[in-house]
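The following exercises concern the structure shown below.

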Amino acid sequence: MRRHLDKTAHLTAGQGEVSATGSAMEGDCLSCMKYLMFIFNFFIFLGGSFLLGVGVWVLVDPMGFREIVAANPLLFTGVYVILAMGSMLFLLGFLGCCGAIRENKCLLLFFFMLILFIFLAELAAAILAFLFREHLTREYFTRELKRHYQGQNNTDVFTSTWNAIMTSFDCCGVSGPEDFEESLFRLLSPTKMVPEACCQRNGYRGDMEQCMSGTVAFRHNKGCYSAMVDYFETYIYTAGALAIVVLTIELFAMVFAMCLFRGIQ
């Protein structure tokens, strides 16, 4: 009887030691994950702060840098994109750091939901881009340009966007200046062959007038479709690799956040 009790006690003690060892290992793993998540989100926080600082500096800079950026519509739009990205990364990094170091389940859950929302939005954008890829053809853009482009009407979003593209990429129309034949632009401005955005910026008003009246020498003859494809082709592989890296980081961030959330007692 005593032998049986001793054996039972020995087994119970052994199980207790295994349980204690398992709990210690689980605690060490949780602690390691907590500090890894803190360091990871701290770098995200620093990156967001940097982008936010750059965007704010460009907008309020008293030295005139804002005027230089504002002269290029794409750069000016890019400033607001940088501000938006910086704000998002700043918020994500802050939530991740605070949630990890304080072991706050509410902050970790909010961090997880925000990352999940961004991940699903990116996934939806990729699916939509794939489904509607046939609409991104040269013929589609030419048809839309003929129907909706108005010339120098800055209140129309479609027109101002096309003016920004043609000015920034030194191009004219989708395939070339001939895209403005039989277009809404020609109906509104019958004396002009091409809009002012198609003309070379050399400072002479007379050259601008000759350009709009049809003189080939003073206008950009390359189409914007080819110009933009040539421009973005250089960065397509970099963008693809960056997108894969970002999605992978987001997946790991969600897994870490949920593991830490479940591990906190």
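**Exercise 1. State the order of the secondary-structure elements and describe the overall composition of the protein.**

Step 1. From the N terminus on, the elements run α-α-α-α-α-α-α-α-α-α. The count is 10 helices and zero strands, where helices (H or I, at least four residues) and strands (E, at least two) are DSSP runs numbered from the N terminus.

Step 2. The model is predicted: local features need pLDDT of at least 70, side-chain atom pairs count only at pLDDT 80 or more, and totals for chains, interfaces and linings use all residues. Residues are numbered from 1 along each chain as its sequence is written, and side-chain values use heavy atoms, with hydrogens and water left out.

Step 3. Of the 265 residues in the protein, 27% are buried; buried means under 20% relative accessible area, exposed over 50%, and partly exposed in between (1.4 Å probe, protein chains only).

Step 4. Among contacts with a separation of 6 or more, 62% join residues 24 or more positions apart, a contact being heavy atoms within 4.5 Å.

**Exercise 2. Characterise the packing of helix 5 against helix 6.**

Step 1. The axes of helix 5 (residues 138–148) and helix 6 (residues 157–169) come within 10 Å and cross at roughly 120°. Axes are lines fitted to C-alpha atoms, for helices over the stretch in contact, and angles run from 0 to 180 degrees between N-to-C directions.

Step 2. Because of that angle, helix 5 is oblique to helix 6; angles under 35 degrees count as roughly parallel, over 145 as roughly antiparallel, 65 to 115 as roughly perpendicular and the rest as oblique.

Step 3. Helix 5 and helix 6 cross in a left-handed sense, meaning that the near helix is turned anticlockwise from the far one by less than a right angle, whereas clockwise is right-handed.

Step 4. E144, L145 and H148 of helix 5 meet F158, T159 and W162 of helix 6. By class, the residues of this contact are three nonpolar, two polar and one charged. Ala, Val, Leu, Ile, Met, Phe, Trp, Tyr, Cys and Pro count as nonpolar, Asp, Glu, Lys and Arg as charged, and the others, Gly among them, as polar.

Step 5. T159, in helix 6, has a relative accessible area of 0% and is therefore buried. The side chain of T159 reaches the backbone nitrogen of Q150 at 3.1 Å.

**Exercise 3. Describe how helix 6 packs with helix 9.**

Step 1. The axes of helix 6 and helix 9 are 10 Å apart, at an angle of about 65°. The crossing of helix 6 and helix 9 is left-handed.

Step 2. Helix 6 contributes W162, I165, M166 and F169, and helix 9 contributes C224, A227, M228, Y231 and F232. This contact has nine nonpolar, no polar and no charged residues.

**Exercise 4. Examine the loop residues H220, D170 and E182.**

Step 1. H220 is placed in the loop between helix 8 (205–213) and helix 9 (224–233). Its relative accessibility is 14%, so H220 counts as buried. Beyond neighbours within four places in sequence, the contacts of H220 include D170, C171 and C172.

Step 2. D170 is in the loop between helix 6 and helix 7 (184–188), and E182 is also placed in the loop between helix 6 and helix 7. D170 is partly exposed because its relative accessibility is 45%, while E182, at 80%, counts as exposed.

Step 3. Most residues other than glycine have a negative phi. Phi of D170, however, is near 50°, and phi of E182 is near 55°.

Technical notes
Polar contact = N/O pair within 3.5 Å; in protein donor to acceptor, adjacent residues only side chain to side chain.
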